[in-house]
Amino acid sequence: TFLHAGAQSVLVSLWSVSDKATSQFMNHFYTYLSKGKTKIEALQLTKAKMQETQFSHPFYWAAFVLIGDSNKSIDFNH
């Protein structure tokens with residue numbers, strides 16, 4: 001698994017979600033990460049943001065869960 005290979009955390013989907021919804025989800029998620037939010041904050045904010053989009057139904061965003069270390073931010077300058 002990714003965690004055994006050294007990843008600190010992994011964002012996974014519990015079921016198949018459309019490519020368009022996933023693309024929008026990931027765009028929001030990485031935007032929040034790039035603003036210094038922790039991984040868990042970015043996930044929570046992304047799920048809230050998705051409720052304001054055409055993919056507002058939980059089917060499109062509730063599938064995403066974070067496994068591993070969720071309280072760190074990511075430094076995009078390295």
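The radius of gyration is taken over C-alpha atoms, and the globule rule is 2.2 Å times the number of residues to the power 0.38.

**View 1. The whole chain.** This is a predicted model: local features need pLDDT of at least 70, side-chain atom pairs count only at pLDDT 80 or more, and totals for chains, interfaces and linings use all residues. Residues are numbered from 1 along each chain as its sequence is written, and side-chain values use heavy atoms, with hydrogens and water left out. For 78 residues, a compact globule would have a radius of gyration near 12 Å; the protein chain has 13 Å, so the two agree. The C-alpha trace spans about 35 × 30 × 15 Å along its principal axes. The protein chain holds 2 helices and 2 strands. Helices (H or I, at least four residues) and strands (E, at least two) are DSSP runs, numbered from the N terminus. Their pattern along the sequence is β-α-α-β.

View 2. The accessible surface of the protein chain comes to about 5200 Å². Carbon and sulfur atoms hold 53% of that surface. Accessible areas come from the Shrake-Rupley method with a 1.4 Å probe; for residues, only the protein chains shown count as cover. Buried residues make up 29% of the 78 residues. Buried means under 20% relative accessible area, exposed over 50%, and partly exposed in between (1.4 Å probe, protein chains only). The protein chain has 7 positive and 5 negative side chains. Lys and Arg count as positive and Asp and Glu as negative; His and the chain ends are not counted. The centres of the two sets lie 3 Å apart, with each charge placed at NZ of Lys, CZ of Arg, CG of Asp or CD of Glu.

**View 3. Phe25 and Phe64, a stacked pair.** The structure holds 5 aromatic pairs. In this one, the ring centres of Phe25 and Phe64 are 4.1 Å apart and the planes meet at 20 degrees, so the pair is stacked. Rings of Phe, Tyr and Trp (its six-membered ring) pair if their centres lie within 6.5 Å; planes under 30 degrees apart count as stacked, over 60 as edge-to-face and the rest as tilted. The pair links distant parts of the chain, 39 residues apart. Phe25 sits in helix H1 (residues 19-34), Phe64 in strand E2 (residues 64-68). Phe25 is buried, at 0% relative accessibility. Phe64 is also buried, at 3%.

**View 4. Phe29 and Tyr30, an edge-to-face pair.** The rings of Phe29 and Tyr30 lie 5.4 Å centre to centre, with 85 degrees between the planes. Phe29 is buried, with a relative accessible area of 4%. Tyr30 is partly exposed, at 43%.

**View 5. An aromatic cluster.** Trp15, Phe55, Phe59 and Tyr60 form one aromatic cluster.

**View 6. Phe76 and its contacts.** Phe76 lies in the segment after E2. Phe76 is partly exposed, at 44% relative accessibility. Leaving aside neighbours within four places in sequence, Phe76 is in contact with Tyr30, Leu33 and Ser34. Contact means heavy atoms within 4.5 Å. Phe76 and Ser34 are 42 residues apart in sequence, yet 6.5 Å apart in space, C-alpha to C-alpha. Across the protein chain, among contacts between residues at least 6 apart in sequence, 67% join residues at least 24 apart.

**View 7. Asn77, an exposed residue.** Asn77 is also in the segment after E2. Its relative accessible area is 73%, so Asn77 counts as exposed. Asn77 and Leu3 are 74 residues apart in sequence and 23 Å apart in space, C-alpha to C-alpha.
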